[in-house]
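A short report follows the display.

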Amino acid sequence: MTAAPTSAPTSASPRAATRLRAPELAGRGWLNTGGADVRLADLRGRIVVLDFWTFCCVNCLHVLDELRPLEEEYADSLVLVGVHSPKFEHEADPDALAAAVERYAVHHPVLDDPDLVTWQAYTARAWPTLVVIDPEGYIVASLSGEGHAHGLSVLVEELIAEHSAKGTLRQGNSPYSPPEPAETALRFPGKVAALADGSVVVSDTTHHEVVWLEPDLVTERGRFGGEGVLAEPQGVLVLPEETAQRVGYDVVVADSVNHQVKGLRLADGSWTTLAGTGQQLRERSGSGPALRQDLSTPWDLAWFIDRVVIAMAGVHQLWALHLATDPADNTVAVLGGTSAEGIRDGAADEAWFAQPSGLAVSADGTRLWVADSETSALRSLDVTDDGFVVTTHVGQGLFDFGHRDGAADQALLQHPLGVTVLPDGSVAVSDTYNGAVRRFDPVAREVSTLATGLREPSDAMVETDASGATHLLVVESAAHQLVRVPLPDKATRVDGLARQTQRPRTAIAAGDVRLEVTFTPPTGQKLDHRWGDPTWLMVSATPEHLLRSGSGSAEGLTRVLDLDPSVGDGVLHVSVRAASCDGDPVTGEVPEHAACHLYQQDWGIPVVLTQGAPAELTLDLRGV
């Protein structure tokens with residue numbers, strides 16, 4: 001697509017200096033408070049940060065990790081409050097939310113906002129969004145996306161100094177009250193893989209371990225990792241025997257929160273880092289020496305084209321890791337996906353994914369199946385004479401989901417995390433938020449249901465018992481167990497309802513509309529123009545013809561969009577990045593070797609074209 005012209009970038013958009021009182025927090029109830037409600041009036045005198053999140057969203061999980069040091073450092077002055085505003089129907093289930101709060105170690109009060117009451121009151125437009133409220137109860141900043149930890153720390157310091165001088169800062173404890181801990185052998189397991197002798201390895205995600213189990217699924221041969229070694233491991237891959245002998249380890253593990261891929265030798269429990277620096281990737285691209293390359297939330301792994309393919313959920317891409325005998329010689333490269341979030345098929349280097357989370361390889365080794373979770377889609381990457389090609393088999397888009405069987409182009413899933421190739425060449429999909437295992441027949445192009453009533457199935461593998469009967473070993477993540485599910489002779493058909501993410505649509509004028517992303521660098525930073533424009537904006541739409549012009553990628557923070565009135569409504573997809581660097585506190589100049597910080601966000605904004613509606617759309621990347 002051709003990018004529209006942009007105006008000269010500015011560091012921020014001036015707005016009227018009005019003080020806006022923070023609306024009260026309203027929802028269905030509270031978690032992590034011992035059953036008590038939390039009111040903003042009770043927090044007066046404290047700095048409050050609202051974190052609007054939804055537990056399906058990997059970017060929200062990144063922000064949870066970014067906020068943990070701030071929670072600890074400013075515990076006596078800062079109160080962090082999560083506002084859970086669900087995207088998927090399953091996320092509105094209170095039990096599912098309670099499980100997610102435990103799964104992701106959320107140690108602050110969480111407002112359950114299934115009807116998006118507080119979301120609308122604060123005019124949130126994206127997951128994640130942070131809103132900062134000062135000790136007098138006024139909103140002072142709205143921040144979307146990732147990378148705000150440093151800037152937020154600077155802002156908190158400024159607010160502490162200001163309100164200490166005014167006498168309006170009150171120190172105290174958070175209203176957080178931890179629930180009783182639960183004990184099970186596995187806790188929110190993620191993925192499973194089989195060894196040749198019938199034993200299995202499973203990622204015991206919340207225990208931060210990999211567990212080696214006998215075929216009875218109870219007796220443990222060993223536990224490996226633990227805090228300090230692994231952080232929420234997900235994908236586990238048993239290497240081909242010849243490769244394992246060459247490299248010296250048997251199992252490859254996606255160490256998701258450490259943003260690394262590691263090798264495990266089962267004989268002695270030794271670990272080898274194979275890829276990743278331990279820092280989260282911010283640039284959304286990468287290639288070269290694997291140990292010098294940042295990664296972003298690797299979620300699953302597969303052995304494909306003699307490489308370890310990584311479902312790089314944090315940047316919506318597939319990466320390939322080449323394993324050398326010496327890990328220092330390992331290399332990585334992007335295999336598919338531009339890092340734009342959504343569904344776009346075709347050449348792999350131009351395709352879009354959305355949080356790919358499950359991988360499986362066809363029997364002939366020419367197709368990689370992908371569970372693309374945020375688009376509720378089953379997709380594939382195929383080896384062709386023209387290179388790698390991406391195809392969507394089931395799935396409609398970022399905001400369309402449900403439990404509906406039948407023809408593949410009409411069938412619906414809900415946030416699938418796993419995919420498994422069956423003996424007949426069909427594909428079993430761990431349809432996580434539907435609590436089901438679904439089957440896709442690539443010949444008939446039909447979807448059916450194999451099993452229901454499961455608690456967040458996240459992966460499965462095929463097993464054959466001594467009698468020759470075939471079944472699935474399913475990771476039932478929210479039930480903290482592995483369970484064997486018989487493969488029925490005949491799958492059932494579910495004619496469920498189609499669903500869409502229920503967010504209020506933004507009324508906007510047809511024709512020319514000015515899109516502006518506001519960005520105010522934190523105190524002590526400035527946009528650095530020494531090597532060109534440090535900002536970048538990409539715009540697209542669903543349906544594509546909603547945008548007559550203005551789509552594509554270009555530098556800058558503003559864009560004129562031409563919206564087709566005949567379309568009526570749709571979704572605008574906006575991605576933005578801005579880099580600011582530490583400047584000289586006196587001159588404001590950026591030193592040659594200054595530390596720089598990258599801020600980024602993806603929005604999917606439902607819009608309805610309405611006569612008389614505003615002809616401008618303003619989004620906050622970092623608005624103060």
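How many bridges join strand β13 to strand β14, and in which direction do the two run? In this predicted model, β13 (residues 251-255) and β14 (residues 260-265) run antiparallel and are joined by five bridges. Within this pair, Val253 is the residue that stands opposite Lys262 in β14.

Both strands belong to an open sheet of four strands, arranged in the order β12-β13-β14-β15 with antiparallel pairing. The edges of the sheet are formed by β12 (233-238) and β15 (270-275), each of which pairs on one side only. On average, and with direction ignored, neighbouring strands of this sheet are turned by 25° against each other. In general, the strands of a sheet pair through backbone hydrogen bonds, either parallel or antiparallel.

Helix α1 (residues 58-73) packs with helix α4 (residues 149-166) at an angle of about 25°, and their axes are 9 Å apart. Because angles under 35 degrees count as roughly parallel, α1 and α4 are roughly parallel to each other. The crossing in which α1 passes α4 is right-handed. The residues that make the contact are set out by helix below.

| Helix | Residues in the contact |
|---|---|
| α1 | Glu66, Leu67, Leu70, Glu73 |
| α4 | Ala149, Leu152, Ser153, Glu157 |

Key. Residues numbered from 1 in each chain as written. Predicted model: local features only at pLDDT ≥ 70, side-chain atom pairs only at ≥ 80, totals over all residues. Heavy atoms only, no water. Pairing = 2+ DSSP bridges. Axes fitted to C-alpha atoms, helices over the stretch in contact; angles between N-to-C directions. Parallel < 35°, antiparallel > 145°, perpendicular 65-115°, else oblique. Left-handed = near helix turned anticlockwise from the far one by under 90°. Contact = heavy atoms within 4.5 Å.
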